[in-house]
Amino acid sequence: MKKYTFLFVLFCALYTAQVQRFAYEYQFIKDSTNKANITKELMFLDVDSKGSKYYSYDIFVTDSIINAEFEKQTDTKNLMAFAKPNSNYKGVVRSKVTKEYPNYNTYLHTSLSLDFYKIEEDKKPVWKIFPEKKKTGNYNAQKATTNYLGRSWIAWFCTDLPFQDGPYKFYGLPGLIVKLEDKTQSHVMTLIANKTINKEPIFSNKPDKEIAVNNDKFNKLWREYVQDPNKVTKQRIATSGNDAQGNPNFNFVDGATGKKIDANEAMRNNEKQFKDNLKKDNNRLDSDLYKY
């Protein structure tokens, strides 16, 4: 808790306009066959009068470091590089969720291969509220349940926090969701701190262009990606052309050595790594979206 408190206070110094920030500890099991391996990530839900943003603190910091290193690169022709492992690179939850008030239009911001997507959520959580109450951390909370995103969920909401919002895509209860867990307890989000800050969230790492799709379209793209993780890369290579010397404009670079890598070898390694990781990342929170 001391570590999270320090990070929470430190991060608040980066901001400017009034925002209510809620910090959640997100515990999740990536591999359903290895339930002892629990990953923890510090997530922020920033709420203002226009809507909310839910994102990973660690990924925000990591992307800021990567962007700074990218600015130092002089060879702009290398459109794809394999980053050198760095102990400063932390966090695994790369997607973000935004909601637009007052209708709670909800969007997942994520990527596949080299493309960034803005996925409009076409369903909403339908809640059943129970009279059961309990203390959750420092909050007096009431129980609610829903079937959503391919899972059964139990939520605890606090009417003392007058926000009909919550972590990830969840909203619509008469108070902020202070704890949320699926019935397998493989995804648990718990509110650990909240603070009003006087700065607008800064997303310097927001992609310049996102492709707008719905859930069905993204799931189709995901299925295609699972079949061929290099599909988009091959298309980019085919359309990138050559420079004046006849060298391809699309290059693969080893982040550790700076040397170019054979494209076919790089793509073989990428496919093997993706499929190995897929076997260990089989318990995604948004299970409907990532069916294949």
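Predicted model: local features only at pLDDT ≥ 70, side-chain atom pairs only at ≥ 80, totals over all residues.
1. The chain has five helices and 15 strands, and buried residues account for 43% of its 292 residues. Of the contacts between residues at least 6 apart in sequence, 60% join residues at least 24 apart. The accessible surface is about 16600 Å², with 50% of that area belonging to carbon and sulfur atoms.

2. Twelve strands form an open sheet with mixed pairing, in the order β8-β9-β10-β11-β12-β1-β2-β3-β5-β6-β7-β13. Its edge strands are β8 (128–136) and β13 (211–214), each of which pairs on one side only, and the twist from one strand to the next averages 25°. Within the sheet, β1 (residues 19–28) pairs with β12 (residues 187–197) in the antiparallel sense over 10 bridges, and Tyr 26 stands opposite Met 189 in β12.

3. Helix α3 (residues 215–227) packs on this sheet, where it touches β6 (105–112), β7 (115–120) and β13, and its direction makes about 105° with that of β13. At 1.5 Å a residue, the 13 residues of α3 should span 18 Å, and the end C-alpha atoms are 19 Å apart, which agrees with that expectation.

4. Which residues of α3 are buried? They are Asn 215, Phe 218, Asn 219, Leu 221, Trp 222, Tyr 225 and Val 226, and because they cover an arc of only 160° around the axis, they fall on the same side of α3. An α-helix has 3.6 residues a turn, so residues three or four places apart point the same way. The buried residues of α3 pack against β6, β7, β13 and α5 (263–280), whereas Asp 216 and Gln 227, on the other side of α3, are exposed.

5. Some backbone geometry deserves a comment, since most residues other than glycine have a negative phi, and most peptide bonds are trans. The peptide bond that joins Tyr 101 and Pro 102 is cis, with omega about 5°, and Pro 102 sits in the loop between β5 (96–100) and β6.

6. Leu 149, to return to the opening question, has a positive phi of about 60° although it is not a glycine; its relative accessibility is 6%, so Leu 149 counts as buried. Tyr 168, likewise not a glycine, has a positive phi of about 55° and is placed in the loop between β10 and β11 (176–182). With a relative accessible area of 8%, Tyr 168 is buried, the cut-off being under 20%.

Methods:
Residues numbered from 1 in each chain as written. Heavy atoms only, no water. Helix = DSSP H or I, 4+ residues; strand = E, 2+ residues; numbered from the N terminus. Buried < 20%, exposed > 50% of the residue type's maximum accessible area, 1.4 Å probe, protein only. Contact = heavy atoms within 4.5 Å. Areas by Shrake-Rupley, 256 points an atom, 1.4 Å probe, with all protein chains shown as cover. Pairing = 2+ DSSP bridges. Axes fitted to C-alpha atoms, helices over the stretch in contact; angles between N-to-C directions. Expected span 1.5 Å × (residues − 1). Arc of directions from axis to C-beta.
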